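The sequence and structure are shown first.

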Amino acid sequence: MELVFVLLVLIAVVYGIIKDYNPQAVLALAGMALFAVAYWLGLHPILPADKSTGFALFDLFDLFDLFEVFKGIFSYRAAGLGLTIMAVAGFATYMSHIGASQALVRVAVKPVAGIQSSYLMLAICYLVAVFVSLFVTSATGLGLLLMVTMYPVMRNLGISPASACGVIASSQAFEIGPTQTNAIFSAGQSGMDPTSYFVDYQIWLVAPMLLVTMVLHFFWQRHCDRQEGWDPALHRGEHAELDEKGADEVAAPTWYGLLPIIPFVLMMTFSKLLVTSISVSVEVAMLLSVFIGMLCELLRTRSVRTAFVGLSSFLDGMGKVFGPVVALIVCAELFAESLKAIGAIDTLLHSASNAGIGSGLMTLVMVGLIMVAAVIMGSGNAAFLSFSSLAPAVAAKFGVPAVTMLLPMQLASSIGRTVSPIAAVLIACAGIAKVSPFVVVKRTSVPMAGALVTALLLNYLLFM
């Protein structure tokens with residue numbers, strides 16, 4: 001009987017996500033429903049007897065216990081992983097506020113302006129964009145910055161609007177580095193710090209993925225352009241006509257481009273890579289970098305008020321990510337715990353074992369789930385955070401480290417977003433370049449397919 005309830009609830013969750021209902025509410029209510037059913041069927045108490053509030057509603061389930069579980073997950077996640085993610089978001093907002101992110105993009109784009117081969121320029125621009133994505137962690141924010149800096153450079157060399165958008169929209173396709181939201185969450189679920197996750201696992205997959213994607217961009221964009229009759233030689237010297245600037249232009253000196261790099265440098269330096277006797281957390285790296293930025297603002301503007309007001313943007317950035325990301329993590333974990341409580345995970349894994357399904361095939365199933373969710377939801381964060389909480393339990397049952405499932409799932413989430421026509425970054429870039437989001441999806445589809453296949457093969461060969 002419990003499996004019938006689980007199936008009905010899962011159908012409701014999928015329906016809610018497809019219909020674009022608030023995913024936090026969908027997952028929270030689904031989790032509470034499964035917890036109540038598990039209690040009613042005598043499968044699992046909502047809380048241990050010594051911690052129960054004792055308020056059994058019509059002898060069906062303990063209403064207060066449900067919210068005690070919710071509160072417990074909220075307290076644990078908000079004070080730990082939630083604070084980390086909010087600090088990263090606040091730092092990104094502050095860097096944009098003082099113009100440091102814009103300065104970094106301008107500096108990174110400038111060296112490629114002298115390349116004369118159109119499609120070689122396109123491939124190099126992709127690598128530059130991915131490098132900048134290590135420090136500008138918002139996919140939409142980075143896309144808009146590149147649209148007002150890199151896009152005109154590519155168009156001037158005759159690159160078609162669709163090809164240029166395909167490259168820019170895929171710049172955050174892997175969410176690499178120890179300051180990315182999904183990477184931080186994946187590292188936490190894997191039981192390691194973000195720096196170790198990046199150095200020991202992520203980089204070994206992403207480096208070959210970058211090369212594969214760069215080559216595919218070169219040939220696929222050229223192929224699509226030829227199909228559409230676009231000859232770069234006939235369009236050299238054209239200026240990009242942008243309907244909007246796409247990103248706020250903040251007057252900041254060129255050397256401000258170094259500021260977004262500071263947290264990354266701190267975390268790489270004070271780790272097992274270099275200085276092992278000192279450690280620095282993500283939160284400390286972000287806070288320290290913000291105060292360095294405030295000092296730079298004080299020296300540049302000679303205004304204490306201007307320097308201090310920037311801290312408000314950091315705090316605002318922290319607040320803006322609480323609802324869409326931190327609350328989503330909490331609600332997703334409540335849902336995952338309810339699936340465990342009602343026995344759905346054990347049943348699924350037992351069935352998989354009887355069917356001869358191994359960890360490799362189960363990883364493919366989990367990756368497929370994340371990919372479909374990311375395309376439907378248009379968000380890599382929402383897709384990954386909604387379902388990745390299940391991965392550690394699944395991996396444990398198969399006797400493999402959680403990271404071997406979480407890593408390809410994390411990469412698949414951002415790859416899936418990059419081929420979703422409703423993703424914010426695709427819509428924003430397509431709108432500025434005056435092309436259809438579906439055209440951009442066509443331009444990103446083949447490079448992203450190659451990247452995903454590369455990730456799965458390398459993950460299987462190296463870590464499973």
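## The largest pocket

Helix 4 supplies the largest share of the lining of the largest pocket, with 7 residues. The model is a predicted one, and the volume of this pocket comes to about 1,200 Å³. Its lining comprises 46 residues, of which S138, A139, T140, G141 and N381 are the closest to the pocket centre.

At least two residues each come from helix 1 (2-18), helix 2 (23-40), helix 4, helix 5 (100-109), helix 7 (139-156), helix 13 (304-341), helix 16 (380-387) and helix 19 (424-433). In terms of residue class, the lining of the largest pocket contains 22 nonpolar, 19 polar and 5 charged residues.

The model has 1 cavity of 30 Å³ or more. The largest cavity has a volume of about 70 Å³. Its lining consists of V88, F91, A92, L134, F135, T137, T179, P260, P263, F264 and M286.

Helix 4 makes the greatest contribution to the lining of the largest cavity, namely 3 residues. Helix 4 also gives the largest share of the lining of the largest pocket.

## Helix 20: cap and kink

Helix 20 spans residues 437-463. Its N-terminal end is capped by S436, which places a side-chain oxygen 3.1 Å from the backbone nitrogen of F438.

Further along, helix 20 has a kink of about 35 degrees at S445. The kink lies shortly before the proline P447.

## Confidence of the prediction

Across the protein chain, the mean pLDDT is 86, and 93% of the residues reach 70 or more.

Residues 243-247 form a stretch over which pLDDT stays under 50. For this stretch the model has 12 contacts beyond four places in sequence.

Technical notes:
Residues are numbered from 1 along each chain as its sequence is written. This is a predicted model: local features need pLDDT of at least 70, side-chain atom pairs count only at pLDDT 80 or more; totals for chains, interfaces and linings use all residues. Side-chain values use heavy atoms; hydrogens and water are left out. On a 1 Å grid over the protein atoms alone, a cavity is a set of points where a 1.4 Å probe fits but cannot get out, and a pocket is an open set with protein on both sides within 12 Å along at least five of seven lines; lining residues have an atom within 4 Å of a point. Grid points are joined across faces, edges and corners, and a volume is the space filled by probe spheres set on the points. Helices (H or I, at least four residues) and strands (E, at least two) are DSSP runs, numbered from the N terminus. The bend at a residue is the angle between axes fitted to the seven residues ending there and the seven starting there. A polar contact is a pair of N or O atoms within 3.5 Å; within protein, one must be able to donate a hydrogen and the other to accept it, and residues adjacent in sequence count only if both atoms are side-chain atoms. pLDDT is the predictor's confidence in each residue, from 0 to 100. Contact means heavy atoms within 4.5 Å. Ala, Val, Leu, Ile, Met, Phe, Trp, Tyr, Cys and Pro count as nonpolar, Asp, Glu, Lys and Arg as charged, and the others, Gly among them, as polar.
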